[in-house]
Amino acid sequence: MQWAKVIQRLRRERVASVLITVTAVRGHAPRAPGAKMIVTREQTFGTVGGGNLEESAIVRGRAMLDERDAEPELLEIGLNTHADNRYGVQCCGGEVTMLLEPVPTVPAVAIFGMGHVGRELARVLSRHDIDLYLADSRAAQVDSSLSQELADAVAEVNIKHTPVPESLLPELPQGTHVLIMSHDHAEDAALCDASLRLPNLGTIGLIGSRSKWRRFEKTLAEEGHSATDIARIQCPIGVPEIVSKEPAAIAVGVAAQLLQVFAAEHSTSGDQS
């Protein structure tokens with residue numbers, strides 16, 4: 001099993017999991033140290049040896065998925081008739097120690113528009129463990145220089161050039177927070193309209209003034225969106241107390257607001273997926 005690829009896929013799909021690794025074996029056991037398996041609430045990938053050993057690890061792993069802020073822990077299982085064999089007897093005669101490591105889901109953010117603010121915001125958010133999607137309809141804004149600027153990113157960064165940015169929205173993971181800050185108000189409007197048609201997205205933010213938002217509210221209503229749906233979009237965005245119009249300051253305010261959203265999500269969901 002290529003466990004790293006499985007972990008990456010589950011991360012993209014926003015599925016929480018537990019990575020289980022055999023760390024030590026004393027005596028005889030079904031698998032050697034280094035054997036791994038991955039457990040989600042509904043699936044398993046790989047094996048650490050089957051039988052009572054594996055089922056005990058699966059049950060404990062799934063319990064960890066329901067615990068907020070669960071920490072990695074060691075699980076020791078005896079493979080003899082005197083051990084706790086609630087899921088079947090294994091008589092290999094050895095003892096196995098396994099490390100169970102929770103791999104929670106991480107927030108996902110998509111920024112549409114890599115202008116001055118978008119670029120500054122990408123820099124700030126890239127320092128956090130999130131999935132970060134960056135898109136622009138202008139090829140020059142998402143060229144190799146952007147990748148170089150974010151070369152030391154902690155985030156998983158995905159950069160995309162697309163002439164029709166709203167076409168990317170259905171491809172985003174469930175719960176992705178969307179920030180709309182393109183160079184073109186028509187493009188912003190198309191992104192707002194398309195975002196409201198996808199109930200699986202997270203928060204939706206639009207850069208701009210209150211007067212811009214009043215025009216957008218009217219247009220979105222004319223396109224058939226209800227007042228409740230339109231209220232999903234926040235405009236202006238950022239921490240209100242930060243009044244500077246410098247791109248870096250705006251980016252810090254928007255990032256701070258998102259971090260508050262991430263914290264609220266974590267406190268209510270316990271990282272459950």
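The model is a predicted one.

**Entry 1: Arg-14**

I began with Arg-14, which sits in the loop between α1 (3–12) and β1 (17–26). I looked up its backbone and found phi near 60°, a positive value in a residue that is not glycine. I then checked its accessibility. Arg-14 has a relative accessible area of 17%, and it counts as buried because the cut-off for that is under 20%.

**Entry 2: Glu-73**

Next I went to strand β4 (residues 73–78), where Glu-73 is found. Is Glu-73 buried, partly exposed or exposed? I noted 25% relative accessibility for Glu-73, so it counts as partly exposed. I listed its contacts, leaving aside neighbours within four places in sequence: Arg-60, Met-64, Met-98, Leu-99 and Leu-100. With one of these, Arg-60, there is a polar contact from side chain to side chain, at 2.7 Å. I also looked up Lys-36, which is 37 residues from Glu-73 in sequence. From C-alpha to C-alpha, Lys-36 and Glu-73 are 15 Å apart in space.

**Entry 3: Thr-162**

I moved on to the loop between β8 (156–161) and β9 (177–180), which holds Thr-162. Thr-162 has a relative accessible area of 7%, so I wrote it down as buried. Which residues does Thr-162 touch, not counting those up to four places away in sequence? I found Asp-136, Ser-137, Ser-167 and Leu-168.

**Entry 4: His-177**

His-177 is found in strand β9. I noted a relative accessible area of 2% for His-177, which means that it is buried. Its contacts, leaving aside neighbours within four places in sequence, include Ala-108, Val-109 and Ala-110. I also listed Gly-202 and Thr-203, and then Leu-258, Val-261, Phe-262 and Glu-265, as residues in contact with His-177. The side chain of Glu-265 makes a polar contact with the side chain of His-177, at 2.9 Å.

**Entry 5: α5 and α6**

I then turned to a helix pair. Two packed helices are described by the angle between their axes and by the distance between those axes. I looked up both values for α5 (residues 185–196) and α6 (residues 210–222): the angle is about 50° and the axes are 11 Å apart. That angle makes α5 oblique to α6. The crossing of α5 past α6 is right-handed.

Which residues of α5 and α6 meet? On α5 I listed His-185, Asp-188, Ala-189, Cys-192, Asp-193 and Leu-196. On α6 I listed Lys-212, Arg-215, Phe-216 and Leu-220. I sorted the residues of this contact of α5 with α6 by kind, and they divide into five nonpolar, four charged and one polar.

**Entry 6: Arg-210 and Pro-236**

I stayed with α6 for Arg-210, which lies in that helix. I looked up Pro-236 next, which is 26 residues from Arg-210 in sequence. How far apart in space are Arg-210 and Pro-236, C-alpha to C-alpha? I noted 6.4 Å for that pair.

Pro-236 lies in the loop between β11 (233–234) and α8 (247–269). I checked the peptide bond from Cys-235 to Pro-236 and found it cis, with omega near 0°.

Note on methods. Residues are numbered from 1 along each chain as its sequence is written. This is a predicted model: local features need pLDDT of at least 70, side-chain atom pairs count only at pLDDT 80 or more; totals for chains, interfaces and linings use all residues. Side-chain values use heavy atoms; hydrogens and water are left out. Helices (H or I, at least four residues) and strands (E, at least two) are DSSP runs, numbered from the N terminus. Buried means under 20% relative accessible area, exposed over 50%, partly exposed in between (1.4 Å probe, protein chains only). Contact means heavy atoms within 4.5 Å. Axes are lines fitted to C-alpha atoms, for helices over the stretch in contact, and angles run from 0 to 180 degrees between N-to-C directions. Angles under 35 degrees count as roughly parallel, over 145 as roughly antiparallel, 65 to 115 as roughly perpendicular and the rest as oblique. A crossing is left-handed if the near helix is turned anticlockwise from the far one by less than a right angle, and right-handed if clockwise. Ala, Val, Leu, Ile, Met, Phe, Trp, Tyr, Cys and Pro count as nonpolar, Asp, Glu, Lys and Arg as charged, and the others, Gly among them, as polar. A polar contact is a pair of N or O atoms within 3.5 Å; within protein, one must be able to donate a hydrogen and the other to accept it, and residues adjacent in sequence count only if both atoms are side-chain atoms.
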